[in-house]
Amino acid sequence: MPESYVPKEAMGHGDGGAAALAIGEAESLERRPGAAPPGAGPPVGKPRSLWSDAWHDLCRNPVFVLSALVILFLVVIAIWPQLIATGNPYRADLAKAQQGSQPGHPFGFDTQGRDVYTRVVYGARASITVGICATTGAALLGSLLGGLAGFFGGWGDTLLSRLADIFFGIPVILGGLVFLSMVTSTTVWPVVGFIVLLGWPQISRIARGSVVTAKQNDYVQAARALGAGNRRLLLRHIAPNAVAPVIVVATIALGTFIALEATLSYLGAGLKPPTVSWGIDISTASPYIRSAPHMLLWPAGALSITVLAFILLGDAVRDALDPKLR
């Protein structure tokens with residue numbers, strides 16, 4: 001090293017510069033490896049992904065928080081209705097038929113003297129079960145068929161498009177009346193199967209469009225050039241970036257499916273007694289709307305709140321996941 005070289009830290013008056021240099025060297029030796037030097041700003045974190053940004057926005061959205069709390073409450077009472085309703089939804093007392101609110105029975109009684117409050121609480125189980133199961137089935141089937149058709153293209157893509165057009169041409173209510181009228185089961189599964197049968201084409205089109213858009217990105221082409229197979233491309237590179245629109249559509253469709261189940265049950269083609277359902281209770285109470293409106297208003301109100309909560313949740317998720325709306 002040339003003799004004229006003087007470290008910048010040692011520049012000063014007399015021994016002061018050497019002392020400052022010695023203190024700096026001691027601090028550097030005592031500092032942990034990888035720690036920021038004194039005076040440095042806060043460390044820069046990793047850039048957040050789309051999902052992190054979406055979750056951050058959702059937590060700050062009061063519509064999402066409120067709708068999520070309502071849905072969480074509905075799911076809890078669907079699993080454990082005994083938490084807020086200790087009565088039996090099938091217990092009837094004809095002496096109290098169509099009577100209004102009484103102590104211990106805030107919603108009154110129906111035409112057979114059954115507690116309307118208890119039936120409203122237990123009715124959440126059927127509606128939530130149909131909505132979640134039908135949405136899950138339609139999303140899985142539609143995503144699988146639409147994703148494969150969009151990725152591989154060719155005759156499979158054409159066949160799926162024509163098949164989806166056929167299902168889109170079937171009127172939902174009329175199809176439900178024809179299909180479910182031949183079923184005698186009193187469980188929720190025939191209704192779930194029918195909704196999945198008519199609900200997957202919409203999600204398949206969304207999934208197909210998302211996969212077609214994602215596979216044209218540069219990172220997918222680079223992975224293919226490096227030798228990645230179709231399975232790795234689909235699962236590792238395309239699916240995580242194409243699933244957001246499917247989640248949005250499925251969340252909104254969940255509320256629609258619950259309303260569809262109630263409509264079919266109201267028409268007598270959906271769920272059948274002795275299953276406790278909001279649609280069945282609305283159908284039973286509709287002729288008595290003038291004499292006993294409480295029999296209709298409470299199950300209809302519960303159905304409206306549930307459908308509205310899921311639709312608002314889907315709108316909030318859409319706003320958070322769609323970059324164009326940021």
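Predicted model: local features only at pLDDT ≥ 70, side-chain atom pairs only at ≥ 80, totals over all residues.
**Cavity.** By cavity I mean a set of points, on a 1 Å grid over the protein atoms alone, where a 1.4 Å probe fits but cannot get out. The largest cavity has a volume of about 100 Å³, volume being the space filled by probe spheres set on the points, which are joined across faces, edges and corners.

I then looked up its lining (residues with an atom within 4 Å of a point). Asp 110, Arg 114, Val 116, Arg 119, Val 120, Asp 281, Thr 284, Ala 285, Met 295 and Pro 299 line the largest cavity. Two or more of the lining residues come from each of α4 (116-152), α10 (278-285) and α11 (294-321); helices here are DSSP runs of H or I, at least four residues, numbered from the N terminus.

**Ser 204.** Next I went to helix α7 (residues 189-214), where Ser 204 lies. Ser 204 is buried, at 2% relative accessible area (buried is under 20%, exposed over 50%, partly exposed in between, with a 1.4 Å probe and protein chains only). Leaving out residues up to four places away in sequence, I find Ser 204 touching Gly 142 and Gly 146 (heavy atoms within 4.5 Å). Its C-alpha atom is 8.7 Å from that of Ala 138, 66 residues apart along the chain.

**Cysteines.** Cys 59 is partly exposed at 41% relative accessibility, and Cys 133 is partly exposed at 27%.

Residues are numbered from 1 along each chain as its sequence is written. Local features need pLDDT of at least 70 and side-chain atom pairs 80 or more, while totals for chains, interfaces and linings use all residues, and side-chain values use heavy atoms, without hydrogens and water.

Methods. 1 Å grid on protein atoms, 1.4 Å probe; cavity = no way out; pocket = protein on both sides within 12 Å on 5 of 7 lines; lining within 4 Å.
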